[in-house]
Protein chains: 2
Amino acid sequence: MKRTDGNAKLPRSQGKTSSGTRKGRRTRERILLTSIDLFSEKGYDAVSIREIAAAVGIKDSSIYRHFESKDAILDEILSYYLSRVSDAPSLEQTANRAAEIGLENFFHEFGSFYLGFMSDPTTQKIWRIIAIELYHNDKIKRFFQKNIVCIGSQIFEEMFHLMIERKLLKDHDPATLSSEFFSFALYLYFKYFILEYDPTADPAEPHRRAWAEMEAHIQFLLAVAGVKK
Amino acid sequence: MKRTDGNAKLPRSQGKTSSGTRKGRRTRERILLTSIDLFSEKGYDAVSIREIAAAVGIKDSSIYRHFESKDAILDEILSYYLSRVSDAPSLEQTANRAAEIGLENFFHEFGSFYLGFMSDPTTQKIWRIIAIELYHNDKIKRFFQKNIVCIGSQIFEEMFHLMIERKLLKDHDPATLSSEFFSFALYLYFKYFILEYDPTADPAEPHRRAWAEMEAHIQFLLAVAGVKK
DNA sequence: GTCTATAAGTGGATAGAC
DNA sequence: GTCTATCCACTTATAGAC
């Protein structure tokens with residue numbers, strides 16, 4: 001399974017606001033990274049342009065040389081996330097991999113792939129921004145519904161469909177299996193990484209606990225849908 | 001199973017801010033109900049004291065004759081929710097009821113009890129306030145963790161424990177069963193009643209869809225943990 | 001490209017007349 | 001108990017000097 005790069009680059013300036021000089025691009029990137037940091041800690045509305053500017057080390061009016069508005073910063077954060085998602089492996093690869101190494105090994109590898117994807121701190125922060133602004137920002141809500149819930153459950157559904165076709169699972173409804181798997185993954189994410197989030201604590205601890213619960217859940221799913229060797 | 005009253009009264013004024021006159025109490029109650037309406041539609045931070053006052057039909061400064069601060073209004077909304085929860089039936093009653101009528105009937109009755117509890121529009125709106133402010137307001141986060149997640153999973157865990165004791169379920173780990181049941185219930189609630197919430201649409205439709213998914217999930221759980229008749 | 005200064009508005013909360 | 005008037009901190013965004 002492909003491992004994504006932990007140090008992905010941010011997208012280049014495209015708008016008319018920031019000039020093409022080297023200094024301009026670097027300031028623009030600093031604004032973007034600082035915004036991701038602040039939004040992920042305090043939420044979009046709670047962070048002001050002044051606060052971003054102060055953290056970057058410029059005056060607030062200078063931000064508008066690089067971004068048209070506060071909203072334009074958010075837009076670019078979301079497109080950065082999309083550019084990272086496109087690195088994910090295909091369904092065909094995924095199901096083939098499961099057939100190769102067996103179901104239980106596959107679920108473990110899948111877990112570590114997820115951790116790899118999330119090992120990019122920027123991606124992790126963007127997930128956090130999306131999660132905490134889900135019910136306060138219509139643009140983020142639509143983004144979440146389309147690019148996380150909708151695409152996510154589709155991928156799992158097709159994955160389970162392929163697994164059943166390859167006789168790796170019993171002939172269950174793929175949509176039900178997907179819903180069982182996906183709902184639990186979302187539940188764990190929100191519980192351990194958002195609700196119980198503590199920036200001062202050891203970041204490995206929520207991972208450990210979430211994974212322990214996920215293992216129990218996978219055993220549970222396999223008890224219904226698994227096929228004995 | 002006990003059905004809760006759909007027209008529960010709001011708690012009386014207790015602070016020093018509102019006097020004991022009939023008119024004062026009625027204005028205070030109007031402020032509270034209006035705040036619940038507005039907070040549940042737009043969120044706590046997005047609604048200003050001015051906006052509440054305008055909707056009630058008084059000036060913003062008059063609010064402070066009835067409540068010490070905006071936060072005090074929220075406090076009272078949360079205590080109203082707690083006063084309603086205390087009406088819920090006991091575990092012993094619940095497990096006995098399951099033994100009486102059988103597991104599948106019980107799950108259906110449980111579903112309609114939940115709908116009954118949620119049939120109070122005020123309770124429904126308070127759930128919505130809690131859900132959308134979960135990651136923006138520390139007081140609400142703690143309230144949710146304590147009074148919904150923590151108490152909720154405990155109740156389900158003990159309920160499943162009693163059911164296993166009474167041989168209604170196979171000897172599975174009650175904590176795992178609780179987590180399977182509770183996580184899915186939360187997932188459905190957030191998906192259908194918060195994420196896809198549409199005040200202009202038919203309110204029966206999300207209920208129908210959520211319940212259909214819940215039925216599939218219960219069948220799934222019973223396939224692992226159920227005991228054949 | 002960054003700055004100062006400022007516009008034009010929002011927010012919660014208070015003082016004091018009636 | 002409600003009103004008018006006001007305070008002060010804070011918001012996004014713009015104009016124009018350098």
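Q: Where does Ala175(B) sit, and what makes it partly exposed?
A: In this predicted model, Ala175(B) belongs to helix H9 of chain B, residues 174–195. It has 16 other C-beta atoms within 10 Å. A buried residue needs 20 or more, and an exposed one has 12 or fewer. The value 16 falls in between, so Ala175(B) is partly exposed.

Q: How far apart are Ala175(B) and Ser153(B), in sequence and in space?
A: They are 22 residues apart in sequence. In space, their C-alpha atoms are 8.1 Å apart.

Q: Which residues meet where H8(B) and H9(B) pack?
A: On the H8(B) side, they include Ser153(B), Phe156(B) and Phe160(B). On the H9(B) side, they include Ala175(B), Leu177(B) and Phe181(B).

Q: Why is Leu103(B) counted as partly exposed?
A: Leu103(B) is in helix H6 of chain B, residues 103–117. It has 19 C-beta neighbours inside 10 Å.

Q: What does Leu103(B) touch, leaving out residues up to four places away in sequence?
A: It touches Ala98(B), Leu168(B), Leu222(B) and Gly226(B). Take Gly226(B): it is 123 residues from Leu103(B) in sequence, yet the two are 8.4 Å apart in space, C-alpha to C-alpha.

Q: What makes Lys167(A) exposed?
A: Lys167(A) lies in the loop between H8 and H9 of chain A. It has 10 C-beta neighbours inside 10 Å. The limit for exposed is 12 or fewer, so Lys167(A) counts as exposed. Its phi is near 60°, a positive value in a residue other than glycine.

Q: How do you know that Lys167(B) is exposed?
A: Count its neighbours: Lys167(B) has 10 C-beta neighbours inside 10 Å. Exposed means 12 or fewer, so Lys167(B) passes the test. Lys167(B) lies in the loop between H8 and H9 of chain B. Its phi is positive, about 60°, although it is not a glycine.

Q: How many helices and strands does chain A have?
A: Chain A has 10 helices and zero strands. Its C-alpha atoms fill a box of roughly 65 × 35 × 30 Å along the principal axes. Of its 229 residues, 25% are buried.

Q: How do you know that the length of H1(A) is close to the expected one?
A: H1(A) spans residues 22–42, which is 21 residues. From first C-alpha to last it reaches 30 Å. At 1.5 Å a residue, 30 Å is expected. Just after H1(A), Gly43(A) takes a positive phi of about 95°.

Q: What puts the buried residues on the same side of H1(A)?
A: The buried residues are Arg28(A), Ile31(A), Leu32(A), Ser35(A), Ile36(A), Phe39(A) and Ser40(A). They cover an arc of only 145° around the axis, so they lie on the same side of H1(A). The face turned away from that side carries the exposed residues Arg22(A), Lys23(A) and Arg26(A). The buried residues pack against H2, H3, H4 and H7 of chain A.

Q: Why is H9(A) called roughly antiparallel to H10(A)?
A: The axes of H9(A), residues 174–195, and H10(A), residues 204–225, cross at roughly 165°. They come within 10 Å. Angles over 145 degrees count as roughly antiparallel, so H9(A) is roughly antiparallel to H10(A). Residues in this contact include Phe181(A) and Phe184(A) of H9(A), and Met214(A) and Leu221(A) of H10(A). H9(A) passes H10(A) in a right-handed crossing.

Q: Which helix supplies the largest share of the side of chain A that touches chain B?
A: The contact takes 22 residues from chain A and 22 residues from chain B. H7, H8, H9 and H10 of chain A each supply at least two residues of the chain A side. The largest share, nine residues, comes from H9(A).

Methods. Residues are numbered from 1 along each chain as its sequence is written. Chains are lettered from A and ligands numbered from 1 in the order in which they are written. This is a predicted model: local features need pLDDT of at least 70, side-chain atom pairs count only at pLDDT 80 or more; totals for chains, interfaces and linings use all residues. Helices (H or I, at least four residues) and strands (E, at least two) are DSSP runs, numbered from the N terminus. The expected span of a helix is 1.5 Å times one less than its number of residues. The arc is that of the directions from the helix axis to the C-beta atoms. Two residues are in contact if their C-beta atoms, placed from the backbone, lie within 7 Å. Axes are lines fitted to C-alpha atoms, for helices over the stretch in contact, and angles run from 0 to 180 degrees between N-to-C directions. Angles under 35 degrees count as roughly parallel, over 145 as roughly antiparallel, 65 to 115 as roughly perpendicular and the rest as oblique. A crossing is left-handed if the near helix is turned anticlockwise from the far one by less than a right angle, and right-handed if clockwise.
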